[in-house]
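User: I have a model open and want to go through a few spots in it. Can you take my questions as they come?

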Amino acid sequence: QDMAYANELGYTIKLLGVSRIVEDDKLTAFVGPALVPKDDPLANVSGVNNAIFVQDRFRGLQGMSAAGAGKNATAMAIFTDLISVARSEKIAWPEAALARQSLKFTRTHLPGRFYMRVDAPNRPGILANISKSFSRQGINILEVIQRGSADAKVVSIVFMLDKTKPRSVDNVLSELLETKAAIGSLVLRVE
């Protein structure tokens with residue numbers, strides 16, 4: 001269901017590992033499903049392939065994609081590593097200049113755009129009530145999709161949210177669940 005909504009909005013859902021330097025000596029990271037625009041290079045990575053993309057201020061976006069999952073790719077990686085160990089070679093990537101710096105992990109949750117699907121009771125005013133919750137947190141709604149039928153007891157409503165703090169999204173979700181304006185939900189970052 002969420003894959004279809006993402007597609008309709010011009011995105012696909014991918015499992016991402018994302019890390020960012022947020023200050024000179026602090027790093028924040030997360031791993032999880034996220035929406036990726038269909039025209040992003042990551043959107044086309046599929047099957048046994050994995051990809052890594054690095055963005056820096058000097059070289060821009062660089063990346064590579066290769067087989068990294070499945071029995072053949074895993075067997076080849078292990079075999080190559082064993083040969084490297086037998087030859088006393090280093091296995092790791094070449095050391096980057098920044099790797100010599102001491103980076104500290106931070107729990108800072110960076111503002112971002114979010115996709116939120118709310119499963120709500122199908123009753124008059126429910127969309128208005130949910131929208132007011134976003135408004136109270138200062139969150140701008142960019143797009144809304146609502147599907148359902150008159151006889152359905154529950155309706156799925158999808159919101160594409162403007163850049164906001166993750167804490168504000170959490171506050172909306174807590175309010176919706178507490179007031180029974182939501183029966184279930186899913187929140188994903190948009191990268």
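User: Which strand is Arg117 in?
Analyst: Arg117 belongs to strand E6, which covers residues 112–121. Keep in mind that this is a predicted model.

User: Is Arg117 buried or exposed?
Analyst: Arg117 is buried, because its relative accessible area is 10% and the cut-off for buried is under 20%.

User: Which side chains make polar contacts with the Arg117 side chain?
Analyst: Asp2 is one partner, with a polar contact of 2.8 Å between the side chains. Asp119 is another, and that side-chain contact is also given as 2.8 Å.

User: What else does Arg117 touch, leaving out residues up to four places away in sequence?
Analyst: The list includes Gln1, Tyr5, Ser156, Ile157 and Val158. Gly184, Ser185 and Leu186 are on it too, as is Asp2.

User: Switching to helices. How do H3 and H4 pack?
Analyst: Helix H3 (residues 126–136) packs against helix H4 (residues 166–178) at an angle of about 145°, and the axes are 9 Å apart. The crossing of H3 with H4 is right-handed.

User: Which residues meet there?
Analyst: From H3 they are Ile130, Ser133, Phe134 and Arg136, and from H4 they are Val172, Glu175 and Leu176. By type, the residues of this H3 to H4 contact are four nonpolar, one polar and two charged.

User: And the largest nonpolar core, how many residues does it have?
Analyst: The largest nonpolar core has 18 residues, and Val118, Ile130 and Phe134 have the most contacts inside it. At least two residues of this core come from each of E6, H3, H4 and strand E8 (154–164).

User: What is Ile130 in contact with, neighbours within four places aside?
Analyst: Ile130 is in contact with Val118, Ala120, Ile157, Phe159, Leu176 and Ala181.

User: What about a second core?
Analyst: A separate core of twelve residues has Ile13, Leu35, Met160 and Leu188 among its members.

User: Last one, Val144. Where is it, and why does it count as partly exposed?
Analyst: Val144 is in strand E7, residues 141–147. Val144 counts as partly exposed because its relative accessibility is 41%, and that class lies between the 20% and 50% cut-offs.

User: What does Val144 touch beyond four places in sequence?
Analyst: Val144 touches Leu127, Ile157, Val158 and Phe159.

User: How far apart are Val144 and Gly184?
Analyst: Val144 and Gly184 are 17 Å apart in space, C-alpha to C-alpha, and 40 residues apart in sequence.

Notes
Residues numbered from 1 in each chain as written. Predicted model: local features only at pLDDT ≥ 70, side-chain atom pairs only at ≥ 80, totals over all residues. Heavy atoms only, no water. Helix = DSSP H or I, 4+ residues; strand = E, 2+ residues; numbered from the N terminus. Buried < 20%, exposed > 50% of the residue type's maximum accessible area, 1.4 Å probe, protein only. Polar contact = N/O pair within 3.5 Å; in protein donor to acceptor, adjacent residues only side chain to side chain. Contact = heavy atoms within 4.5 Å. Axes fitted to C-alpha atoms, helices over the stretch in contact; angles between N-to-C directions. Left-handed = near helix turned anticlockwise from the far one by under 90°. Nonpolar A, V, L, I, M, F, W, Y, C, P; charged D, E, K, R; others polar. Core = buried A, V, L, I, M, F, W, Y, C linked by side-chain atoms within 4.5 Å.
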